[in-house]
Amino acid sequence: MSEQDTVDQYWMKEALIEAAKGRALNEVPVGAVVVFNGEIIGRGYNQPISGCNPVAHAEVLALQEAAAALKNYRLVDCELFVTLEPCTMCAGAIIHSRVKRVVFGAYEPKAGALVSQSRVLELPYMNYKVAMTEGVLEQECSEIISGFFRDRRAVKKAAKQSLRCC
């Protein structure tokens with residue numbers, strides 16, 4: 001394992017901590033951190049339900065906090081670590097924020113916009129190119145998501161069974 005792999009895993013564990021915060025609020029547990037010069041300057045976890053905000057994805061919130069910390073919407077020398085492959089909206093925010101690199105853990109086969117369903121970062125008309133590293137702590141990142149949905153299905157099943165009569 002290279003030194004870069006070790007560093008990436010360290011920051012991804014921080015993103016997993018953020019994902020757990022979302023899970024505690026019954027949000028889909030996705031977490032993100034923005035790192036600049038070896039420090040976290042932005043954190044976020046999914047909050048669209050609790051925040052009544054359709055754009056309150058972990059990545060967007062982490063990017064907003066980082067931009068406020070730097071007092072600049074351009075995050076040129078920053079890296080974004082996120083537990084789940086970003087969607088199209090978040091991929092656009094990543095490009096517009098000018099992060100140097102995005103690192104994600106789990107793949108999102110239904111709506112992933114970096115490799116799974118589309119490759120937004122590679123579109124030739126995008127005016128900024130973002131480096132990407134995929135699959136960092138993939139198993140841990142996948143488990144927090146799949147565990148959340150497994151638990152949610154179990155609760156729904158139990159609720160249906162409790163409605164049955166004799």
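This is a predicted model: local features need pLDDT of at least 70, side-chain atom pairs count only at pLDDT 80 or more; totals for chains, interfaces and linings use all residues.
Now, the overall picture. The chain has four helices and five strands, and along the sequence they follow the pattern α-β-β-α-β-α-β-β-α. The C-alpha trace spans about 65 × 35 × 30 Å along its principal axes. For a compact globule of 166 residues we would look for a radius of gyration near 15 Å, and the 17 Å of this chain agrees with that. Of the 166 residues, 43% count as buried.

Let's go to helix H1, which covers residues 3-24. This helix has 22 residues and runs 32 Å from its first C-alpha to its last, close to the 32 Å expected at 1.5 Å a residue. Which residues of H1 are buried? They are Asp8, Trp11, Met12, Glu14, Ala15, Leu16, Glu18, Ala19 and Gly22. Just after H1 comes asparagine 26, with a positive phi of about 65°.

Next, the aromatic rings. How many aromatic pairs does the structure hold? There are three. One of them joins tyrosine 10 and tryptophan 11: the ring centres are 4.8 Å apart and the planes stand at 80°, so we call this pair edge-to-face. Tyrosine 10 is partly exposed, because its relative accessibility is 48%. Phenylalanine 104 and tyrosine 107 make another edge-to-face pair, with 5.2 Å from centre to centre and 90° between the planes. Phenylalanine 104 has 0% relative accessibility and so is buried, whereas tyrosine 107, at 27%, is partly exposed.

Last stop: the largest pocket, with a volume of about 410 Å³. Of the 20 residues that line this pocket, Val28, Val30, Leu84, Glu108 and Ile145 are the closest to its centre. Which helix gives the most to the lining? That is H4, residues 138-162, with four residues. By class, the lining has 13 nonpolar, three polar and four charged residues.

Definitions and conventions:
Residues are numbered from 1 along each chain as its sequence is written. Side-chain values use heavy atoms; hydrogens and water are left out. Rings of Phe, Tyr and Trp (its six-membered ring) pair if their centres lie within 6.5 Å; planes under 30 degrees apart count as stacked, over 60 as edge-to-face and the rest as tilted. Buried means under 20% relative accessible area, exposed over 50%, partly exposed in between (1.4 Å probe, protein chains only). On a 1 Å grid over the protein atoms alone, a cavity is a set of points where a 1.4 Å probe fits but cannot get out, and a pocket is an open set with protein on both sides within 12 Å along at least five of seven lines; lining residues have an atom within 4 Å of a point. Grid points are joined across faces, edges and corners, and a volume is the space filled by probe spheres set on the points. Helices (H or I, at least four residues) and strands (E, at least two) are DSSP runs, numbered from the N terminus. Ala, Val, Leu, Ile, Met, Phe, Trp, Tyr, Cys and Pro count as nonpolar, Asp, Glu, Lys and Arg as charged, and the others, Gly among them, as polar. The expected span of a helix is 1.5 Å times one less than its number of residues. The radius of gyration is taken over C-alpha atoms; the globule rule is 2.2 Å times the number of residues to the power 0.38.
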